[in-house]
Amino acid sequence: MTLTKAELADLLFEKVGLNKREAKDMVEAFFDEIRNALETGDGVKLSGFGNFQLRDKPQRPGRNPKTGQEIPITARRVVTFHASQKLKADVEQLYNGTSA
Amino acid sequence: MTKSELIARLAERFPQLVAKDADFAVKMILDAMSDALVRGDRIEIRGFGSFALNYRPPRTGRNPKSGDKVSVPAKWVPHFKAGKELRERVDKAS
């Protein structure tokens with residue numbers, strides 16, 4: 001099973017009482033606002049869930065794995081996600097050490 | 001940006017809704033996302049990214065203070081991979 005925007009919109013329709021249009025727009029806006037904050041260099045902290053942070057990575061040497069040719073990996077800014085202690089603890093517990 | 005700032009921005013974008021709706025919607029979305037991961041499900045948001053669980057095999061660790069060996073059991077950890085649009089927009093802005 002995979003959770004997608006469609007399921008989240010259904011949930012807002014059923015549980016929050018938004019109409020279908022509003023529910024769909026709200027889910028879209030939720031991720032849009034997080035994207036906007038990250039785009040402007042602002043990290044996002046969602047307590048109980050986790051934090052989205054930005055990291056500036058310097059240029060580093062890399063190579064084309066097919067040809068072995070060396071090509072530099074350019075400097076870039078990337079998004080990292082750190083799950084909250086609560087989410088980590090809840091996820092960890094579930095499988096109790098069994099592999100997928 | 002914090003959760004309450006996110007709620008405030010959404011409330012502004014939906015003036016036809018009462019402020020409580022944005023608050024409830026954000027909590028509902030985050031709960032649904034947490035629940036999915038706790039069930040072992042993936043989350044896939046087009047243009048944003050995907051969340052999944054990564055497996056960490058059991059290992060023998062050490063207590064850094066005493067040097068004693070401790071066995072660390074296998075576990076699952078949440079992992080986020082940024083989608084193409086998010087990756088490009090964040091990088092372009094830097």
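User: Why are α1(B) and α2(B) called oblique to each other?

Analyst: In this predicted model, helix α1 (residues 3-13) of chain B and α2(B) pack at an angle of about 125°, with their axes 9 Å apart. Angles under 35 degrees count as roughly parallel, over 145 as roughly antiparallel, 65 to 115 as roughly perpendicular and the rest as oblique. The pair is therefore oblique. Axes here are lines fitted to C-alpha atoms, for helices over the stretch in contact, and angles run from 0 to 180 degrees between N-to-C directions. The helices themselves (H or I, at least four residues) are DSSP runs, numbered from the N terminus.

User: Which hand does the crossing of α1(B) and α2(B) have, and which residues make the contact?

Analyst: The crossing is right-handed; that word applies if the near helix is turned clockwise from the far one by less than a right angle, and left-handed if anticlockwise. K3(B), L6(B), I7(B), L10(B) and A11(B) of α1(B) touch A22(B), D23(B), V26(B) and L30(B) of α2(B), where contact means heavy atoms within 4.5 Å. By class there are seven nonpolar, no polar and two charged residues. Ala, Val, Leu, Ile, Met, Phe, Trp, Tyr, Cys and Pro count as nonpolar, Asp, Glu, Lys and Arg as charged, and the others, Gly among them, as polar.

User: What makes α2(A) roughly perpendicular to α2(B)?

Analyst: Helix α2 (residues 20-39) of chain A meets α2(B) at an angle of about 75°, with the axes 11 Å apart. That value makes the two roughly perpendicular. In the contact, M26(A), V27(A), F30(A) and F31(A) face A22(B), A25(B), V26(B), I29(B), L30(B) and M33(B), which divide into 10 nonpolar, no polar and no charged residues.

User: And why are α1(A) and α2(B) oblique?

Analyst: The axes of helix α1 (residues 5-16) of chain A and helix α2 (residues 19-39) of chain B come within 10 Å and cross at roughly 130°, so this pair is oblique. The crossing is right-handed.

User: How do you know that E33(A) and R13(B) form a salt bridge?

Analyst: Their side chains meet at 2.9 Å, N to O, and a salt bridge needs a side-chain nitrogen of Lys or Arg within 4 Å of a carboxyl oxygen of Asp or Glu. Between chain B and chain A the count is four salt bridges, and over all chains it is 16. E28(A) and K5(A) also pair, at 3.2 Å; E28(A) lies in helix α2 of chain A and K5(A) in helix α1 of chain A, 23 residues apart.

User: What area is buried between chain B and chain A?

Analyst: About 5000 Å², with carbon and sulfur atoms giving 72%; buried area is the accessible area (1.4 Å probe) that two parts lose on being put together, summed over both. In chain B, M1(B), W76(B) and R89(B) lose the most area to chain A, together 15% of what that side buries. The contact takes 50 residues from chain B and 53 residues from chain A.

User: How are things numbered, and what do the values rest on?

Analyst: Residues are numbered from 1 along each chain as its sequence is written, with chains lettered from A and ligands numbered from 1 in the order in which they are written. Local features need pLDDT of at least 70, side-chain atom pairs count only at pLDDT 80 or more, and totals for chains, interfaces and linings use all residues, while side-chain values use heavy atoms, with hydrogens and water left out.
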